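Open the model in your viewer and keep the selection panel at hand. The tour goes one stop at a time.

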Amino acid sequence: MKKELHIFFTAVLFFTRIPCPKWVTHEPEYVHLSTKYFSLVGLIVGSLGALVFYGSSFIFSIEIALLLSIAATVYITGAFHEDGFADVCDGFGGGWSKEKILQIMKDSRLGTYGTIGIILLLSLKFLVLREIDFYYIPLVLIAGHSLSRFIATTLLYTHPYVRDTNDSKSKSMANRMRISSLIINGLFGSIPLLFFKNPLVFLVLIPMYLTKVILGIKFKKWIGGQTGDCAGAVQQCSEVVFYLTILALWRYIW
């Protein structure tokens with residue numbers, strides 16, 4: 001039980017800025033095992049974002065509440081996944097070989113592709129969420145964060161890690177994810193969907209997974225697999241696709 005708790009707190013420590021007990025460290029063994037709680041961390045992050053939205057909506061407009069919610073989740077995660085998305089935009093936008101793409105993605109500086117990409121991504125999140133009914137926004141936020149992290153873990157399961165450098169932030173996750181960890185992520189990621197009380201909501205899994213497949217094909221073609229930045233890009237893109245699909249379902253099917 002204590003080891004499992006250690007693994008969980010390692011996931012929280014690795015993926016967020018939420019304070020953890022001092023005895024929790026980035027030990028490679030625990031970091032690798034912690035991927036099983038990727039979606040659970042998404043539940044926590046999404047819940048905190050939903051709480052910020054709901055609380056601030058009593059004081060400010062819905063637009064400001066949404067921006068504060070998005071800012072809160074970015075702060076809680078340290079822009080962990082947004083950074084990965086921006087790095088992928090820069091790497092695949094400016095690199096024309098595996099070595100060059102990996103080199104650009106490793107560079108901490110933000111380029112033109114990354115800047116444009118992150119602006120469009122965050123703008124799209126805000127605009128789509130604004131179109132959703134106010135009372136459902138907290139649930140949509142929670143579901144979007146948890147389920148998109150499950151989709152990201154499928155990339156870790158299907159695609160090999162390609163970096164060989166020891167200083168990579170995701171080096172400890174280089175080994176393929178276990179099927180048991182993938183199933184656990186799927187269960188945690190899907191929990192919020194049950195609260196929609198409409199089985200049609202599970203249709204969101206189709207476009208979300210297709211997003212991962214399309215990106216996975218591109219990653220495989222150009223670099224032969226995935227890196228932590230690639231997983232971050234899949235999480236961010238599938239999160240936006242989730243919001244878009246929910247909006248489309250509400251308007252044309254439900």
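**Aromatic stops**

Select Phe14: this residue is buried, with a relative accessible area of 11% (buried means under 20% relative accessible area, exposed over 50%, partly exposed in between; 1.4 Å probe, protein chains only). Phe15 is buried too, at 4%.

This is a predicted model, where local features need pLDDT of at least 70, side-chain atom pairs count only at pLDDT 80 or more, and totals for chains, interfaces and linings use all residues. Residues are numbered from 1 along each chain as its sequence is written, and side-chain values use heavy atoms, with hydrogens and water left out.

The whole structure holds 16 aromatic pairs (rings of Phe, Tyr and Trp, the last by its six-membered ring, with centres within 6.5 Å; planes under 30 degrees apart are stacked, over 60 edge-to-face, the rest tilted). Show Phe14 and Phe15 together: their ring centres are 5.1 Å apart and their planes at 85 degrees, so the pair is edge-to-face.

Next, select Tyr37 and Phe188. Their pair is tilted, with 6.3 Å between centres and 50 degrees between planes. Tyr37 is buried at 11%; Phe188 is partly exposed at 21%.

**Last stop: Thr16**

Thr16 is buried, at 8% relative accessibility. A polar atom of its side chain lies 2.6 Å from the backbone oxygen of Val12. The Thr16 side chain also reaches the backbone nitrogen of Ile18, at 3.1 Å. Beyond neighbours within four places in sequence, Thr16 is in contact (heavy atoms within 4.5 Å) with Ala11, Val41, Val45, Ile76 and Thr77.

How values were computed:
Polar contact = N/O pair within 3.5 Å; in protein donor to acceptor, adjacent residues only side chain to side chain.
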